[in-house]
Amino acid sequence: DVDLVLDFDPVELELAGPNPFNPSTSLNIVVAKAGHVSVNVYNVIGQRVATLLNDYLDINTSGYTLNWNASNLPSGVYLVRAETQESISTQKLMLLK
């Protein structure tokens, strides 16, 4: 019985758009292993303020582009979190209005 050692994260969140941004930015979700992926945005006190993705994604090493329009939110720091069963990837974004 041989266990395979994975030398990559099943999901990786990359910043594709401007940061700081106003009012929208882009993110790239690199999926190295097919599966369920959720991408949520949280404010600094941990409240979820947006869900950008909650779906099954096939492998895509070029990545899937997500756009986030935060025109309904106040200026501040936000954390974007991409999550699978096996990994979590986060990015810190600054909204300046």
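## A walk through the core and the salt bridges

Let's start with Val-80: leaving aside its neighbours within four places in sequence, Val-80 is in contact with Leu-13, Leu-27, Val-39, Asn-40, Val-41, Leu-52, Ser-89, Thr-90, Gln-91 and Leu-93. Keep in mind as you explore that this is a predicted model. Val-80 also belongs to the largest nonpolar core, which has 22 residues.

**The nonpolar core**

- Which residues touch the most other members of this core? They are Ile-29, Val-37, Val-39, Val-41, Leu-52, Trp-68 and Val-80.
- Two or more residues of the core come from each of these strands: β1 (11-15), β2 (24-31), β3 (35-43), β4 (48-57), β5 (60-69), β6 (76-83) and β7 (88-95).
- Strand β4 gives the largest share, with 4 residues.

**The salt bridges**

- How many salt bridges are there? The count comes to 2.
- One of them pairs Glu-86 with Lys-33, and their closest N and O atoms are 2.8 Å apart.
- This pair links distant parts of the chain, 53 residues apart: Glu-86 sits in the loop between β6 and β7, and Lys-33 in the loop between β2 and β3.
- Arg-81 forms a salt bridge with Glu-83, where the closest N and O atoms lie 3.1 Å apart.

**How exposed the charged partners are**

- Glu-86 has 48% relative accessibility, so it counts as partly exposed.
- Arg-81 is partly exposed at 29%, and Glu-83 is partly exposed at 27%.

How values were computed:
Residues are numbered from 1 along each chain as its sequence is written. This is a predicted model: local features need pLDDT of at least 70, side-chain atom pairs count only at pLDDT 80 or more; totals for chains, interfaces and linings use all residues. Side-chain values use heavy atoms; hydrogens and water are left out. A nonpolar core is a set of buried Ala, Val, Leu, Ile, Met, Phe, Trp, Tyr and Cys residues joined through side-chain atoms within 4.5 Å. Buried means under 20% relative accessible area, exposed over 50%, partly exposed in between (1.4 Å probe, protein chains only). Contact means heavy atoms within 4.5 Å. A salt bridge is a side-chain nitrogen of Lys or Arg within 4 Å of a carboxyl oxygen of Asp or Glu.
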